[in-house]
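Have the viewer open and follow along.

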Amino acid sequence: MVFCLNYLKGIVLDLSIVFATYHNEEILQKSLESYCLIETEYEWELIIVDNANREETKRLVNKYKTKLPIHFIEKSEPGKNNALNKALPFINGNLIMFTDNDIIPNKNLINHYINAANNYPEFDIFGSKILPDITLPKWVDTSSASVRGAFGILDLGNEDVEVDPVASIWGGNMMLRKAVFNQGFTFNGIIGPKGTNYTMGSESELLARLKTSGYKAMYVANAVVKHQIRQEQLSISWLTKRSFRSGKGEGYQHEYNGVSKILGYPRYLIKVLCKDFMRVAKSLFSGKKLIICNAMMTLYHTAGLLNQSKILDKK
């Protein structure tokens, strides 16, 4: 099937799927192959924003333009949120699913999300399961919220249910009504993936603002996607770096005015960090990788909170 979409204002589609991509064409190709398997009678488009302006990415995407309804955009300014904001004026769908370039959708994803939007008209925010695409090693403790967050794993069960958008809607599988953005909301370009040392929480920061404005969220049990887990991510080193950025993201939304500080750092966080150090030391004696990993991730998350609190203190 050949797709020839005319991206002009006035074209109205049922759903737009939007993601930013940055290098790693192998991962992107696997995702694009999965989009080719989608089955739906609804009108949809796939908007891909290249945040690295690579010829390799452009060539790969061009190969799929006869198989998928792709609109390809380039955004040289670094940052995932900047890339997503670049896409907003080009979106033709009444519903917008935001995802990542390493996400594999199930073939009925579009049907499930559009049906949910029709069944729950009072809700403007939707999300669903994000499962790993591989069996994780035994030392990876998926009962830990920190581990699930690092790998982007979310599973709230098999029933549709109203949820807190900040806690239970994640960027790898998130759908919003376009009407939300018609009210002037955009992504915060200061945070989110941008190079190697960045503040996580790009979607949660937007969702926090939407929650404050009264928008409600629905967890849709059957709109499942899978997250590609790469071999380099299966290490304590990668997970601790992820925890540090997660801590920075959480810290960005904290308020530290009036909090007792030492050298600009909240006193209570310094106490927590000391306790985390002791936990790490104790974990090393266990010799168990799972226990060591969990302790290290907790320590680095607290360190991220401290780091962000210092940054906010300087503003």
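F185 comes out at 15% relative accessibility, and because the cut-off for buried is under 20%, F185 counts as buried. Keep in mind that this is a predicted model. Y215 is buried too, with a relative accessible area of 17%.

Take F19 and Y35: their rings are stacked, at 6.3 Å centre to centre with 20° between the planes. F19 sits in strand 1 and Y35 in helix 1, 16 residues apart, so to speak a link between distant parts of the chain. Both F19 and Y35 are buried. Then there's F185 with Y215, where the ring centres are 5.9 Å apart and the planes stand at 85°, so this pair is edge-to-face. F185 is in the loop between helix 7 and helix 8, and Y215 is in the loop between helix 8 and strand 10, so the pair ties together parts 30 residues apart in sequence. Elsewhere, F98, F181 and F187 make up one aromatic cluster.

On to the cores. The largest nonpolar core has 34 residues, and L15, W44, L46 and F126 touch the most other members. Helix 4 gives the largest share of this core, 6 residues. Zoom in on L46: beyond its neighbours within four places in sequence, its contacts include I17, F19, L32 and Y35. A second, separate core holds 28 residues, among them A20, I73, L88 and V163.

Methods. Residues numbered from 1 in each chain as written. Predicted model: local features only at pLDDT ≥ 70, side-chain atom pairs only at ≥ 80, totals over all residues. Heavy atoms only, no water. Core = buried A, V, L, I, M, F, W, Y, C linked by side-chain atoms within 4.5 Å. Buried < 20%, exposed > 50% of the residue type's maximum accessible area, 1.4 Å probe, protein only. Helix = DSSP H or I, 4+ residues; strand = E, 2+ residues; numbered from the N terminus. Contact = heavy atoms within 4.5 Å. Phe/Tyr/Trp six-rings, centres within 6.5 Å; stacked < 30°, edge-to-face > 60°.
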